[in-house]
Amino acid sequence: MATSEDTGAPGERPDTASDPSSPAGAVTTRAVLLIIGVLTLQLAFVLSYVGAFHNPVPRDIPIAVAAPEQQRQQIVGQLEDLPGSPLDPVRGVDDADAARDLIERREVDGALVVGGDGTDTLLVTTAAGGALAPALERVLGAVARETGRELRTEDVVPADAGDNNGLTPFYLVVGWCVGGYLCAAVMAVSAGAHPSNPPRAVVRLAVLAICAVASGIGGMLIVDPVLGALPGSPIALAALGALLVFATGAATMALQGLVGVVGVGLAIALVVVLGNPSSGGAYAPPLLPPFWRDIGPFLPPGAGTSAVRSLVYFDGNAIGGPLLVLILWAVVGVVIAVGAAVLRTTLRAGAPSSRRVRRPS
């Protein structure tokens, strides 16, 4: 009885690539390219996180100085001239109340209140990120020791008791962003990265919107009341979460519409590799190297983290900029995702038919 190896023509080798028992074909060319892409993302992840976090150095932390008018400019000048420029004394103010007001409006990250008895007060806010207050204490503590003054610290806007080191907003935003690009990726994997026509693209965006609303509500319920990690503003927090999830997912769909399944990898690069370390979640922007501190506010994790902190701790102050960034990501993502589907449909309609014409028998 002839075997499969005997059926070929004399001298021909069997097609081992199509034989499931043969090791040939176990790793395709496409798989090799995808592995190279994964390796690139992995190394970019290491480079980005280590590059951002390995040596946090304060630079241009915006603070206010409350001091008598005759001393104010001299003190501001001394702080501006510190080696390495760790502080950016944005302005001088008359008293501690004015300084607190600037912190609560998120115009500065701290304030130095100069006392007449040789004791100064450093006003900080741990709600803006746990690493920022210790950085200010180190810098201004060294200045106080050099000038022979005492320095005490007052937390003007503290993080909630359930929000250890002020990191809960960051972790909440990370979860929302992951949900956004995974939702878009799942639809791409299950039915193809390129929606075949504009109506299907719109349906995917509608499904994404439903998932975004559910994610926003779910995330809000988990952080408060389930865990008691963030106080107040439940409806606004859920709405912000829905916007963040939709913006991230729409951007992922836009990238998929342009470059196919590779768009998922690009979305991960934007959100995880670049967005998370630059978000100001683990270290506030003034503690990050220039590249990361510059891009962070314009990526979804950075805008989302800042918006959550503003909403939960600062009565919505300074939330306008981050909200605008998220809205732009959502709108541009929708426009590109639908536009790519329209273009693909137009090109397909204009292409010559590839069907064979039957010859009469």
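Student: Which residues of α6 meet α11 in this model?
Tutor: In this predicted model, Pro198, Ala201, Val202 and Leu205 are the residues of α6 in the contact. Their partners in α11 are Val334, Ala337, Val338, Ala341, Val342 and Thr345.

Student: How many of those are nonpolar, polar or charged?
Tutor: The contact of α6 with α11 has nine nonpolar residues and one polar residue, with no charged residues.

Student: How does one describe two packed helices?
Tutor: One gives the angle between their axes and the distance between the axes.

Student: What are the angle and the axis distance for α6 and α11?
Tutor: Helix α6 covers residues 198–226 and helix α11 covers residues 320–350. They pack at an angle of about 155°, and their axes are 8 Å apart. An angle over 145 degrees counts as roughly antiparallel, so α6 is roughly antiparallel to α11.

Student: And is the crossing left-handed or right-handed?
Tutor: The crossing of α6 and α11 is right-handed.

Student: Changing topic: how much space lies in the largest pocket?
Tutor: The largest pocket holds about 450 Å³ of space.

Student: Which residues lie nearest its centre?
Tutor: Arg106, Asp109, Pro285, Pro297 and Ser306 lie nearest the centre of the largest pocket. They belong to a lining of 26 residues.

Student: Which elements give two or more residues to that lining?
Tutor: Those elements are α10, which spans 300–313, and α11. The largest share of the lining comes from α10, with six residues.

Student: What is the split by class there?
Tutor: The lining of the largest pocket divides into 13 nonpolar, nine polar and four charged residues.

Student: How many cavities of 30 Å³ or more does a search of the whole structure find?
Tutor: The search finds two cavities of 30 Å³ or more. The second largest cavity has a volume of about 40 Å³.

Student: Which residues line the second largest cavity?
Tutor: Its lining consists of Thr248, Ala251, Thr252, Leu255, Ala267, Leu270, Val271, Pro300 and Trp329.

Student: Which helix gives the most to that lining?
Tutor: Helix α7 gives the most, with four residues. Helices α7 (234–259) and α8 (262–275) each supply at least two residues of the lining of this second largest cavity.

Student: And how many of the lining residues are nonpolar, polar or charged?
Tutor: The lining of the second largest cavity has seven nonpolar and two polar residues, and no charged ones.

Definitions and conventions
Residues are numbered from 1 along each chain as its sequence is written. This is a predicted model: local features need pLDDT of at least 70, side-chain atom pairs count only at pLDDT 80 or more; totals for chains, interfaces and linings use all residues. Side-chain values use heavy atoms; hydrogens and water are left out. Axes are lines fitted to C-alpha atoms, for helices over the stretch in contact, and angles run from 0 to 180 degrees between N-to-C directions. Angles under 35 degrees count as roughly parallel, over 145 as roughly antiparallel, 65 to 115 as roughly perpendicular and the rest as oblique. A crossing is left-handed if the near helix is turned anticlockwise from the far one by less than a right angle, and right-handed if clockwise. Contact means heavy atoms within 4.5 Å. Ala, Val, Leu, Ile, Met, Phe, Trp, Tyr, Cys and Pro count as nonpolar, Asp, Glu, Lys and Arg as charged, and the others, Gly among them, as polar. On a 1 Å grid over the protein atoms alone, a cavity is a set of points where a 1.4 Å probe fits but cannot get out, and a pocket is an open set with protein on both sides within 12 Å along at least five of seven lines; lining residues have an atom within 4 Å of a point. Grid points are joined across faces, edges and corners, and a volume is the space filled by probe spheres set on the points.
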